[in-house]
Each structure stands twice: as C-alpha cells, then as structure tokens.
Amino acid sequence: MPAGLKFPAFQAIVGDLVETPGAVAKVIAFAGHKGGTGKSLLAQGFAVQAARNSHSVVLVDLDIDQQTSFEWAQARLLNKYKPKVCAALIDPAAHSDFGLGTARLGFDVMVVDAPGWSDERTLRLAAIADLMVLPATPTVADLRPTIRLMHELKGQGIPDSRDVIAFNHVRAARELTFARTYLKEAGLAALPKSIRELLGYRTLQNVGRGITEAAVATVKKEAKEMMVLIDKMLQEAGPPQTEERFKLEEERFSLTASPSAGKPKKRR
Ligand SMILES: Nc1ncnc2c1ncn2[C@@H]1O[C@H](COP(=O)(O)OP(=O)(O)O)[C@@H](O)[C@H]1O
Ligand SMILES: [Mg+2]
C-alpha cells in the first residue's frame, strides 16, 4: 500500500511503521527559535532510545525543505542499524496541528524534529506537545531567544513540566557555568546534564546513528544520561494530551514577550 493511504498526514515514510493498536502516542518535540542548536541530533538520539525501549516510535520530520531527520533515518536503514527507527515527513503547513492529532494514533511515542521557527508555529507546537525540549548552545546569542521563548510559553499557559532547555554544543565547563547562571538570573533552569560539542556526535549523525550509540564509553554515558532525563520528564508529563488540544483552529498564537527579556548584560 502506498505510504500516504493508511497514514494520510505522512507525505513519505522510511521503514515499516510498527503500530500499537489503540495506542495514543506521547508527543515529544525538539524545537526552538534558532537553527543549529541540535534539535535534529537530539530528536534522532531520543528516537533511537525510544525504539530500544521497544516502543512503537515514529520520528516525525516537520522540515520538508531540509529533511534532516528523514534522511538520517534513510541512512540508518541503509546501514542496517538496530533498533530500526521509522521516520515520516509531514508538511507542517497542511494542518493547523501539524497533522500530529491523527498521526499519533496507533503509536506509543512520536518524536518531532521541528525546524527553527522563530514565529508562532513554535508556540502552536508547544501547545500540543506533551513535552517540548529546547536545545541551546551555552552562548548569549542562543540563550536570549531561548529565554524569550520560555517566557512566551509560560505566557501561553504551558506548565514548567512540559518544556525544558537542554544544553548542547558545550565546549568547556566554564561556559556551562556561565550559561546556567545566565538562565538562573532569568528565573529559568536547564536540564542538569548537557551534551558536549564533539566530532564523534557529528560522525554518528552522518551515518544514521543516535548519540547513545557512541563507541566511546564516556560519550555514550553522557548521551544516555541526557536521554534518561528527557525520558523521565516525558513520563512525568502524565497521559497524552487530550484530543481537544489538537483542535487549534480557533486558538490564536502570537509572540508577545517584551524585548527586555534576556536583555544584554553590561559585563560578563
Ligand atoms: N554536540 C554536538 N557536537 C558536535 N556537533 C554537533 C553537536 N550537536 C549538533 N552538531 C552538529 O551541528 C549541526 C546542527 O545540528 P542539528 O542537530 O542539525 O541542529 P538543528 O536541528 O537544531 O538545526 C549538525 O551538523 C550536527 O551534526
Ligand atoms: Mg534540524
């Protein structure tokens, strides 16, 4: 059967989708206003771990232009890595809920890799996701939009249990300390573990592997610790969002945060 018939929201599918009859997937989204923060890297890594935990998981790529995660899944399939990770491509413009309301039916976990939208689409995605992870580089350039977005999400009524910042691209303990202090001053915190910037992560991603599949024990440990923290948050987020949540037509989303949120500091 052609891909789109059984799963109308999916424009294309990699791999054989394994379903859990009657299941309603938890939706975890990796998102944020910036590009290059590691949304795709962490989404892929999380999808691998979810598949390893024998969940029926779909990695949903909402970036129909770049298709980073879709192509990553193709590489994984070609290289025959286990566990298999199925991926699907959705055109986010085709549905107000990005097609996730129907796409989540019949699966346990839906891992969404979002483009770096710096508009209300990120808020819309946050409204329907059970958990939204915002990867961030520990630099002011990344922290400021992330802080603003977190304030936006709060203003939108998203509880703290449903969004979280995860540091990625960490190059030194020093910059991590700086970034954690910067967040604290804005009344925010990130996950207590972080991911270093390492060539190894790029190499894994290039061939369709997840970050927890690193051969180097310390790298594998760091990646696993991050994934365990994220998974714990997803579990603690409670049962999947109700169907009502996905009916977004009537809702209005707009960015409102004052530009002073996360404003530049005189000295650092
Ligand atoms: N921790 C890391 N160490 C090394 N390279 C990384 C790391 N995280 C991401 N990258 C690389 O940075 C680039 C952007 O990452 P990606 O996950 O595609 O970000 P996004 O999806 O947020 O745009 C990719 O080339 C990726 O391989
Ligand atoms: Mg990406």
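β2 and β5 run parallel to each other, joined over 5 bridges, with Ala29 bridged to Val112 of β5. Pairing here takes at least two DSSP bridges between two strands, and the elements are DSSP runs numbered from the N terminus: strands are E with at least two residues, helices H or I with at least four. β3 and β5 also pair in the parallel sense over 5 bridges, and Val60 has Val112 of β5 as its bridge partner.

This is a predicted model, where local features need pLDDT of at least 70 and side-chain atom pairs count only at pLDDT 80 or more, while totals for chains, interfaces and linings use all residues. Residues are numbered from 1 along each chain as its sequence is written, with chains lettered from A and ligands numbered from 1 in the order in which they are written.

What about burial in β5? 5 of its 5 residues are buried, meaning 20 or more other C-beta atoms (placed from the backbone) within 10 Å of a residue's own. Val109, Val111 and Asp113 point one way, and Met110 and Val112 the other. In general, side chains of a regular strand alternate between the two faces of the sheet.

## The whole sheet

Zooming out, the sheet is open and has 7 strands in the order β1-β4-β3-β5-β2-β6-β7, with mixed pairing. β1 (12-14) and β7 (163-167) sit at the edges, each pairing on one side only. Neighbouring strands are turned by 20° against each other on average, ignoring direction.

β1 runs antiparallel to β4 (residues 86-89), with 3 bridges between them; Ala12 is bridged to Leu89 of β4.

## Helices on the sheet

α2 packs on the sheet and touches β2, β3, β5, β6 and β7, its direction making about 165° with that of β5. α9 packs there too, touching β2, β6 and β7, at about 150° to the direction of β6. Touching means C-beta atoms, placed from the backbone, within 7 Å; angles run from 0 to 180 degrees between N-to-C directions, with axes fitted to C-alpha atoms, for helices over the stretch in contact.

α2 (residues 39-52) and α9 (residues 217-236) also pack against each other at about 75°, axes 10 Å apart. That makes α2 roughly perpendicular to α9 (the class for 65 to 115 degrees). Gly45, Phe46 and Gln49 of α2 meet Ala223, Met227, Ile230 and Asp231 of α9.

## Around ligand 1

Ligand 1 is surrounded by 17 residues, the closest being Gly38, Lys39, Ser40, Leu41 and Tyr201; the shell takes residues with a C-beta atom, placed from the backbone, within 6 Å. α2 and α8 (199-206) each supply at least two of the shell residues.

Technical notes:
Parallel < 35°, antiparallel > 145°, perpendicular 65-115°, else oblique. Contact = placed C-beta atoms within 7 Å. Buried ≥ 20, exposed ≤ 12 C-beta atoms within 10 Å, placed from the backbone.
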